[in-house]
Amino acid sequence: MVLIGFMGAGKSSVGRALGERLGWAFEDLDDRIERREQRKVSEIFRDSGESGFRLAEHAALKELLGELKPGGEKIVALGGGAFAQKNNAKLMQASGVSTVYLDADAAELWRRCRKQAEQQGSERPLLGSAESFRKLYKQRRRHYMKASFRQETGGKTVAEIVAALVSGLGLDRSGKF
Ligand code: S3P
């Protein structure tokens, strides 16, 4: 299962918690990119630009999807831009993985990202201003809406989102999907 959505949607925290709940493996695609590149995402953006990052992202996604086994119990969190790239969406469609869109409105996502930047020092090269953030959100939303399942996350805690996914996706305690 692949979790998609904009920056601040909770893909990594929900993915990790859902994995723990189901006993499934969890992987963050950005971590794989950093491992393969031996650089932080922010350094890739700084040194190679967004186009360099997208190339590294596509290569890492291809590698990861190639490792997935049919019925494999794994949750993958993608970075916010990955599913909006045509070549990545194509790869995922061909691989047959289920895509789950974690949705929230732009104002809430902006608040979450600002809070993470202030409290955890998280670096997001594409965070920009509130206005550019909203514009990018608008551009990408039509792509996210193509996911196989959409989960609203506005005003919900990670535990509440996990519970909603377990019931919405029909994932029982045995983790059958
Ligand atoms: C990006 C989002 C980031 C990361 C990179 C690009 C984007 O991941 O992949 O900075 O294009 O929205 P998060 O969505 O986890 O912040």
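Student: Which helix gives the most to the lining of the largest pocket?
Tutor: Helix α3 does, with six residues. Keep in mind that this is a predicted model.

Student: Which helices each supply at least two residues of that lining?
Tutor: α1 (11-22), α2 (29-37), α3, α5 (106-120) and α7 (158-168).

Student: And what volume does the largest pocket have?
Tutor: About 1,100 Å³. It is lined by 38 residues, and those closest to the pocket centre are S12, D30, Q116, S122 and R124.

Student: How do the lining residues divide by class?
Tutor: There are 14 charged, 13 polar and 11 nonpolar residues in the lining of the largest pocket.

Student: OK, the ligand now. Where does the ligand sit?
Tutor: In the largest pocket.

Student: How many residues surround the ligand, and which are the closest?
Tutor: The ligand has 14 residues around it, with K11, R54, G80, R124 and R140 the closest.

Student: Which element gives the largest share of that shell?
Tutor: Helix α3, residues 41-67, with four residues of the shell.

Student: What about the classes in the shell around the ligand?
Tutor: Six residues are nonpolar, five are charged and three are polar.

Student: Back to K11. What does its side chain do at the ligand?
Tutor: A polar side-chain atom of K11 is 2.8 Å from a ligand oxygen atom.

Student: And R54, how far is its polar side-chain atom from a ligand oxygen?
Tutor: For R54 the distance to an oxygen atom of the ligand is 2.7 Å. R124 also has a polar side-chain atom 2.7 Å from a ligand oxygen. R124 is one of the residues closest to the pocket centre as well.

Student: How much of the ligand's area does the protein bury?
Tutor: The ligand taken alone exposes 390 Å², and the protein buries 93% of that.

Notes. Residues are numbered from 1 along each chain as its sequence is written. This is a predicted model: local features need pLDDT of at least 70, side-chain atom pairs count only at pLDDT 80 or more; totals for chains, interfaces and linings use all residues. Side-chain values use heavy atoms; hydrogens and water are left out. A residue is near a molecule or strand if one of its heavy atoms lies within 4 Å of it. A polar contact is a pair of N or O atoms within 3.5 Å; within protein, one must be able to donate a hydrogen and the other to accept it, and residues adjacent in sequence count only if both atoms are side-chain atoms. Accessible areas come from the Shrake-Rupley method with a 1.4 Å probe; for residues, only the protein chains shown count as cover. On a 1 Å grid over the protein atoms alone, a cavity is a set of points where a 1.4 Å probe fits but cannot get out, and a pocket is an open set with protein on both sides within 12 Å along at least five of seven lines; lining residues have an atom within 4 Å of a point. A molecule sits in a cavity or pocket if more than half of its atoms lie within 2 Å of its grid points. Ala, Val, Leu, Ile, Met, Phe, Trp, Tyr, Cys and Pro count as nonpolar, Asp, Glu, Lys and Arg as charged, and the others, Gly among them, as polar. Grid points are joined across faces, edges and corners, and a volume is the space filled by probe spheres set on the points.
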